[in-house]
Amino acid sequence: MRSTVKADNKMLSDEEVVERVISGEKHLYENIMRKYNSSLFRISMSIINDSMEAEDIMQTVYLNAYLQLSKFQNKSSFSTWIIRILINESLLRKKKRTKEKQMVMEKQTSSFNNYTPLNGLMNKELKAILEKTILALPEKYRLVFIMREIEEMSVNETMGALSLSESNVKVRLNRAKEILRNNLSSYYKSEQVFEFNLIRCDKVVNYVMEEINQNKFN
């Protein structure tokens, strides 16, 4: 994952953006959110399995991260730091809303089972099948698969975010691929999985920036 964002026509590292936001350039926080929105959405989805809940988690994470920017000490990359916050929040929500999650999964399963070409184009049908199969993976395999294969995070980044050894990351990824291969063959790798479109991006960014611009966050 790249570690720079563009601001004032200049490529800035995450660390430089953080320093400038802390110094008062709050508008730059929008740049860093748009950079990580897709990654955080997919990782949260791999845990929570609910797109609306994933968006809400992202908003909470961005606000919490904003409030803790001064505590970010560059001991790890910014991406690893914020992904850890996201994973912790996602796991917390999962524990608190187990019953709600079960209801959502039942609705999603019904939706997938009823999906036919009449509901849309063939590529959308394949996308739905792919997402269903990935979500059916055991969580420990699903999370590593999303981070390594969909987000193309390095082994080291995945190890740091999940506190796993290199061997565990590799074993879980191989197991995830083995399970998926039985059902999807070459269809498992797609840039459209858990697509985070512009509408969702704007929704999350606008909410967080509105909260940040309120006096209670000054």
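How many helices and strands are there in the chain? The chain holds 10 helices and two strands, where helices (H or I, at least four residues) and strands (E, at least two) are DSSP runs, numbered from the N terminus. Read from the N terminus on, the elements follow the order β-β-α-α-α-α-α-α-α-α-α-α. The model is a predicted one, in which local features need pLDDT of at least 70 and side-chain atom pairs count only at pLDDT 80 or more, while totals for chains, interfaces and linings use all residues. Residues are numbered from 1 along each chain as its sequence is written, and side-chain values use heavy atoms, with hydrogens and water left out.

The chain as a whole comes first. Of its 218 residues, 44% count as buried; buried means under 20% relative accessible area, exposed over 50%, and partly exposed in between, with a 1.4 Å probe and protein chains only. The chain exposes about 12000 Å², and carbon and sulfur atoms supply 48% of this area, as computed by the Shrake-Rupley method with a 1.4 Å probe. Among contacts (heavy atoms within 4.5 Å) with a separation of 6 or more, 71% are between residues 24 or more positions apart.

The aromatic residues come next. A pair of aromatic rings is described by the distance of the centres and the angle of the planes. Rings of Phe, Tyr and Trp (its six-membered ring) pair if their centres lie within 6.5 Å; planes under 30 degrees apart count as stacked, over 60 as edge-to-face and the rest as tilted. By this rule there are six aromatic pairs. One of them joins Tyr29 and Tyr62 edge-to-face, at 6.4 Å centre to centre and with 85° between the planes. Tyr29 belongs to helix 2 (residues 28-48) and Tyr62 to helix 3 (residues 51-67), so the pair ties together parts that are 33 residues apart in sequence. Tyr29 and Tyr62 are both buried. Phe72 and Phe78 have ring centres 5.6 Å apart and planes at 90°, so this pair is edge-to-face as well. Phe72 is buried at 9% relative accessibility, and Phe78 is buried at 1%. Together with Tyr36 and Trp81, Phe72 and Phe78 form one aromatic cluster.

Charged side chains supply a further set of links. A salt bridge is a side-chain nitrogen of Lys or Arg within 4 Å of a carboxyl oxygen of Asp or Glu, and the count by this rule is 12. Glu151 and Arg42 form one, at 2.9 Å from N to O. This pair links distant parts of the chain, 109 residues apart: Glu151 is in the loop between helix 7 (139-150) and helix 8, and Arg42 is in helix 2. Both Glu151 and Arg42 are buried. In helix 4 (residues 78-96), Arg93 and Glu89 lie four residues apart, about one turn of the helix, and their side chains meet in a salt bridge of 2.8 Å. An α-helix has 3.6 residues a turn, so residues three or four places apart point the same way. Arg93 is buried at 9% relative accessible area, and Glu89 is buried at 15%. Salt bridges that share partners join Glu53, Asp56, Glu89 and Arg93 into one network.

Helix 8 (residues 155-162) is mostly covered, with six of its eight residues buried. The buried residues are Val155, Glu157, Thr158, Gly160, Ala161 and Leu162. Ser163, with a positive phi near 60°, follows helix 8.
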